Every structure is written in structure tokens, then in C-alpha cells.
Amino acid sequence: MKTIDTLGDLSGKKVLLRADLNVPLDGTTITDDGRVRASVPTIEKLLGAGASVIVMAHLGRPKGTPDPAFSLAPAAARLSELLGKPVTLAADLVGDDAKAKAAALEAGQVLMLENVRFDARETSKVDEERQALAAELAELADVFVSDGFGVVHRKQASVYDVAKLLPAAGGLLVQKEVESLGKAVTDPARPYAVVLGGSKVSDKLGVIANLLTKADRLLIGGGMVFTFLAAKGYGVGKSLLEEDQLDTVKGYLATAEENGVEIVLPTDIVAAEAFAADAAFEVVAADAIPAESMGLDIGPESSKLFAAKLADAKTIVWNGPMGVFEFENFAGGTKAVAQAMIDADGFSVVGGGDSAAAVRRLGFDEAGFGHISTGGGASLELLEGKVLPGLDVLEG
């Protein structure tokens, strides 16, 4: 992958930077600024090289039309605080205001374009439509730097097509993501343990299939575990269950046994009769979930079991919480996994998305992990062994 250093002298040049600023908001307040902070090193490197920076990013799913609820204004304000300098927000993406502000940009200055998804061409499946938007974006700058790891698995105008029109390179964050996840994908130190959670098995079908040929242990929690428990013949009450995936999961269990891959399932479950923070709950055996209850976390004995299975691991990848960590009563399993990763004497990767959010929300020191990814979907696809278009276009 081409790096910033391959772009040559950037002094006086305008750099179009694709960042990932898709942050959670409460109104206009950012509740987790991890992705904004992750974009700072690359921007500072570019500014230090004498360039000006034009940041483009998306926020939410505004359906291809301007929507004030999805404005990047909060991200621009937070980035300005982190950089210690003004970050001007254009009123549009490739309209008159963006063009005028980009043309007037001087070395050392930062401009942010409005949400790229305010233009339906950004995510169009029609190549010519994306390419037309990319051409307008490319006219604003001299070079392109891709640093939005959370979107490199998308063939979108601001990620893929623009990289074909300007001298292009990966930013520091994308470099770090690829190197860190590469350690787990290509030649992991063993034992290699993977913790998978989150709500659905169907979201991780390709990843599980790939890991059954590579990992030494798969620890399964979160909502997806109930399909595994049901595949073993256990009743799961009102827990989340994907009945259409039962045969697939039975196949995974058989393949794991054939390949000598250990699949670790919880032995106890924290169950409640309602999905609510204040719901009454009880700890039950994994094979004895009451018919009227739903599992909302792995239990305390399972937490100890999972920690023990991670203790000697030399490579650990975690994607997906173990329970409804947003509710204190159902955060125990997620806390236990995070702490076990910190305690283990190996290289640990937190695979973005809800896992990264959980680490920050539950108060863990991010420095305790080898790497915290900014891209849930992108990290999953790398673990699956897929070619990511936003990375592929930066090769050679």
C-alpha cells in the first residue's frame, strides 16, 4: 500500500483526506469521539509537511440528500478543539461554497466538506455516477489520502473512485489498521483466540467460516450465542435466535471438531424477562434458560471461563460485546473479556464497532490493548480474508 511518504513534497499542496468521522450523537453532542481523535495524527502529519487539508467524511445515513440532523458540524468543532486550530465547515460538498473555500485554502489550514452522503452519487451502484462525483471532488485538491478505515470495504466515490483520479496513499490510521489486523490475519502468534459477540450469527458467517481454518479457539457470546446453544439442542427461551442459521451453526460445530478448533460457549447466562436496564434478572445454566426469559449476558462462571481461555493466548481478536453492555446489570461479560485481554501476555485487537465503544464506555485504558480498530465492518471483512476495494486501489 502506498503511504504518505510516497507522495513526495506536499508543501503548498492541497490534500483531499477521506476520514471516518461517523460518530454517535446525542442531538449535536458527540458521545464517543474516538474516530475524530483517530484522524488527528494523519492531519497533523500533512499540516506539518506544509500542506492544507480538505477533510471529507460521512455521518449516518441521510439517504443522498442534505439533512441538518446529519451535518458534520459537531465533528468539525471537535476536530478544531483537538487540532488547536480552526476547522472551517463548507456549507456543501462540491457546490459553490465548497469550491470557493477550497480555492482560498492556504498552507496549514483545514477545511471540512459537508457530509459526503448528502450526495446520492457517493454510494451509487452505478460506476459512472460515482465517478462523476469523484471527478468533482478531485478538482478541489492535488493529492488524495485515504484514512477512513471504517469505509475501506466500500466501493464508494470518496473512498475508491477518487483514488483513481489523484496521486493516492493510505494515511497513518489506515496503515496502522492494516498492519495490526494483518498480524492476526496472516501469521498470528499462537495460541490464537478470537472472541465473537454481537447480536447475529448471520453478520459474521464469512468470518466464522474463515476462522475455523485459522484460529485455535473461538469464544462465542452476545446475542449470537443463542443460535449456537439452540444448535446443541438447548432451549433458549425468548433469547435472540436465528432459526434459519441453525443448520449452518451445526456445520460450524462439526467443522471445528474436525479441524481441532476449540469452540468455547458460555456455561451460564444472565437472563431477564424484559429487555430493560432495570429488569429483574437471574443467573441460570446455559442449558436451562426459562421459557419466559431472554439471555442478556454471559454469566459469571462463563466470564471466568472466557478469561481462562484467553490467559495464555498470544494473539486475541475481539469483535462484538458479550451482552447488553449499555445496561450495567448485563455488562459483566463484556468487562471480563476486556480485562482478560489487558491481562493476557499477547497481542490484542479490539475489532471496532460496539467492541471499541464498550471499551471506552466501560472505562478501560485504551493503552492496555495492542490495537483498537475504528472499523467494525472493515475489520470483519479483513478477518474474513476479503479484498477491500478502498485498500486494493492504494496498491502498486
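A: **A helix pair and its surroundings**

Helices α1 and α2 are oblique to each other, a class that takes the angles left over once those under 35 degrees are counted as roughly parallel, those over 145 as roughly antiparallel and those from 65 to 115 as roughly perpendicular. The model is a predicted one, in which local features need pLDDT of at least 70 and side-chain atom pairs count only at pLDDT 80 or more, while totals for chains, interfaces and linings use all residues. Residues are numbered from 1 along each chain as its sequence is written, and side-chain values use heavy atoms, with hydrogens and water left out.

Helix α1 covers residues 34-48 and helix α2 residues 73-83; their axes lie 10 Å apart and meet at an angle of about 55°. Here helices (H or I, at least four residues) and strands (E, at least two) are DSSP runs, numbered from the N terminus, and axes are lines fitted to C-alpha atoms, for helices over the stretch in contact, with angles running from 0 to 180 degrees between N-to-C directions. On the α1 side the contact (heavy atoms within 4.5 Å) is made by V36, R37, S39, V40, I43 and E44, and on the α2 side by A75, R78, L79, L82 and L83.

Two of these contact residues, R37 of α1 and R78 of α2, also belong to a network of salt bridges that links them with D32, D33, E81, R360 and E366. A salt bridge is taken as a side-chain nitrogen of Lys or Arg within 4 Å of a carboxyl oxygen of Asp or Glu, and the whole structure holds 22 of them.

The loop between β4 (52-56) and α2 contains K63, a residue that has a positive phi of about 65° although it is not a glycine. K63 is exposed, at 81% relative accessible area, where exposed means over 50%, buried under 20% and partly exposed in between (1.4 Å probe, protein chains only). Another exposed residue is A107, at 54% relative accessibility, which lies in the loop between α3 (96-104) and β6 (110-112). Although A107 and L47 are 60 residues apart in sequence, their C-alpha atoms are 7.4 Å apart; beyond its neighbours within four places in sequence, A107 is in contact with G50, A51 and S52.

L218, leaving aside its neighbours within four places in sequence, is in contact with V194, I208, L211, L212, E262, I263 and V264. One of these partners, E262, forms a salt bridge with R217 at 3.6 Å, N to O. Since E262 lies in strand β11 (residues 262-264) and R217 in strand β10 (residues 217-220), the pair ties together parts that are 45 residues apart in sequence. E262 is partly exposed at 30% relative accessibility, whereas R217 is buried at 13%.

K335 forms a salt bridge with E328 at 2.9 Å, N to O; K335 is partly exposed at 29% and E328 exposed at 56%.
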